Amino acid sequence: MKNILKNRFYVIILAMFPLKGCDHLLQEDPPSNISLANFYQSEEDALVGLYGAYSNLYGLVSQAPNYGEMVADDMTISPIVPDAFEWDEFTFNSEVTNGLWSQCYSAINRTNEVILYTEGIGFEAGRKADLIAEARALRAIYYFHLARAMGGVPLYDSPTVGFDNIYEPRSTEDAVFDFIIQDLQVAADELEPTSPSGRLNSDIANALLARVYLYRNDFQNALSHAETVINSGRYRLLDDYADLFKPENDNSPEHIYQIQYLSGENNNPLPGRYGPRAPSGPYGNSFWAGTTIPGSYAPSAEFVAENPESYRRSVTIADHYEHIDGVTGIITMQEVYGGSFPYYISKFNDREGELQSGVNYTVIRYADILLIAAEALNETDPNNPKKYEWINRVRERARNGVDSDLPDLNALTQNQFRTAVLEERRFELAFENQRAWDLKRRNLFLDKIRAQGKNVEDFMVTFPIPDMQTQLNPNLEQNPGW
């Protein structure tokens, strides 16, 4: 089922139907002119619409590092990228924020179509309820991306038709998150706990609810939903941290939800961006891979300096690699870059795939759930020793048998544990596009960014509403400061 989402391409059928039946253009309702509403005639039609809504996830993957990592303290632009940007240039770039806005609202409209029109289709009631619940969970994902980036945004619970209801004002941030939680709760209650790869299910909905509640500092509910996933017994940590990021281990028992990719047909763009960019000179494009990898990102100096020695660190970043020819041997970053690029991000290494990587993109995995549970328990019942069990399971895997690395935590104050679990998330989930959101929910974002010498104003915690959207919709108010 790895390429199940390729069915999204069938949604183009919807755009083709109006081309039929043009012989009598003056007829009010030509019988062969199939509208969107009467396209939905069967369960298969509803699935086509659902796959169309899933397809927008791929656009979010491409943008995820910019929002979740690049604006924080652990990742920076590769020092040899000619078009490198700084914080201010990024946040003022309305094309960037408009891309996120457009991807999400396009998908939200598609999910609303599925929810509305599927209700009127005659097929088995249980399967119909499942399909609608799945669409609602998918809608929640898109709204979550918008709300945590921009705060309160317009809420649409029905599809837009023509120019009807397209000028909605912004809802409050609380209202948007209530909407997200309601959609995910419906999915958690309705769906089965397992599903084909790439499709949403109740376990995924519970995992995402844990993440949403943590972001809202609702620790009791975050703990409840994290424990639901943990107690299901369906997930475990892989023995080897490095195995998490290999294509052959996609959809493993640690991967609660992954967006599916297939090399040569639907390629994941991120592994290529994490590899070191090939410089001009004697190494050309052959030292790293058979083609020139357009590496765009690099670990920050702070991340390298503060990441404690462990097996996990050796998987995450590296200062050397083996020549792609398999003969030349080890080449150091110093040898190639002369000190300007001392480490690269190595955990997503898919050199064989090069620019056609088929490795899946992980939305949420079991280690994240263990750390959510540990953090939430520390806030709700700080003397409960279970929090140490959860965080130490992650640390045990990370040290890979070297007892002196990342020893088990114990006997910490509540505040010390807060610091410890945030740091554990930093290094366990490094470059998985969670760092900026963790810093923002803990109100540490501005201090961390300013400590790197970046000129960041207070209002920059929230991204701007795209200029294009405020011009198109007179009811949209811009975030303060922008």
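**Figure 1. Lining of the largest cavity in the predicted model.** In this predicted model, the residues that line the largest cavity divide by class into 18 nonpolar, six polar and three charged. The space inside the largest cavity amounts to about 350 Å³. Among its 27 lining residues, H145, R148, R211, Y361 and V363 are the closest to the centre. Five elements each supply at least two residues of this lining: the helices α4 (57-70), α7 (125-150) and α9 (202-215), and the strands β2 (255-259) and β8 (361-365). The largest share, seven residues, comes from α4.

**Figure 2. Lining of the second largest cavity.** This cavity has a volume of about 200 Å³. It is lined by 16 residues, and those nearest its centre are F245, F348, N360, Y361 and T362. The elements that give two or more residues to the lining are β2, α11 (270-274) and β8. Of these, α11 gives the most, with three residues. By class, the lining of the second largest cavity holds nine nonpolar, six polar and one charged residues.

**Figure 3. Lining of the largest pocket.** The volume of the largest pocket is about 530 Å³. Its lining consists of 20 residues, and K246, S346, N349, D350 and R351 are the closest to the centre. The largest share, three residues, comes from β5. Nine nonpolar, four polar and seven charged residues make up the lining of the largest pocket.

**Figure 4. Lining of the second largest pocket.** The second largest pocket has a volume of about 380 Å³. Of the 16 residues that line it, W101, Y105, Y156, I166 and Q469 lie nearest the centre. The helices α6 (94-118) and α20 (467-472) are the elements that give two or more residues to the lining. The largest share, six residues, comes from α6. The lining of the second largest pocket has nine nonpolar and seven polar residues but no charged residues.

**Figure 5. Contact between helices α16 and α17.** Two packed helices are described by the angle between their axes and the distance between the axes. Here the axes of α16 and α17 (residues 414-428) come within 11 Å and cross at roughly 35°. The crossing in which α16 passes α17 is left-handed. On the α16 side the contact is made by K387, Y388, I391, V394, R395 and R397, and on the α17 side by F417, A420, V421, E424 and E428. The residues of this contact comprise six nonpolar and five charged, with no polar residues.

Figure 6. R395 lies in helix α16, which spans residues 386-399. R395 counts as buried because its relative accessible area is 10%, under the 20% limit. Leaving aside residues up to four places away in sequence, R395 touches L406, P407, L409 and E424. The C-alpha atom of R395 is separated by 9.1 Å from that of R312, a residue 83 places away along the chain.

**Figure 7. The protein chain as a whole.** The protein chain contains 20 helices and eight strands. Of its 482 residues, 55% are buried. Among contacts between residues at least 6 apart in sequence, 71% join residues at least 24 apart.

Note on methods. Residues are numbered from 1 along each chain as its sequence is written. This is a predicted model: local features need pLDDT of at least 70, side-chain atom pairs count only at pLDDT 80 or more; totals for chains, interfaces and linings use all residues. Side-chain values use heavy atoms; hydrogens and water are left out. Helices (H or I, at least four residues) and strands (E, at least two) are DSSP runs, numbered from the N terminus. Buried means under 20% relative accessible area, exposed over 50%, partly exposed in between (1.4 Å probe, protein chains only). Contact means heavy atoms within 4.5 Å. Axes are lines fitted to C-alpha atoms, for helices over the stretch in contact, and angles run from 0 to 180 degrees between N-to-C directions. A crossing is left-handed if the near helix is turned anticlockwise from the far one by less than a right angle, and right-handed if clockwise. Ala, Val, Leu, Ile, Met, Phe, Trp, Tyr, Cys and Pro count as nonpolar, Asp, Glu, Lys and Arg as charged, and the others, Gly among them, as polar. On a 1 Å grid over the protein atoms alone, a cavity is a set of points where a 1.4 Å probe fits but cannot get out, and a pocket is an open set with protein on both sides within 12 Å along at least five of seven lines; lining residues have an atom within 4 Å of a point. Grid points are joined across faces, edges and corners, and a volume is the space filled by probe spheres set on the points.
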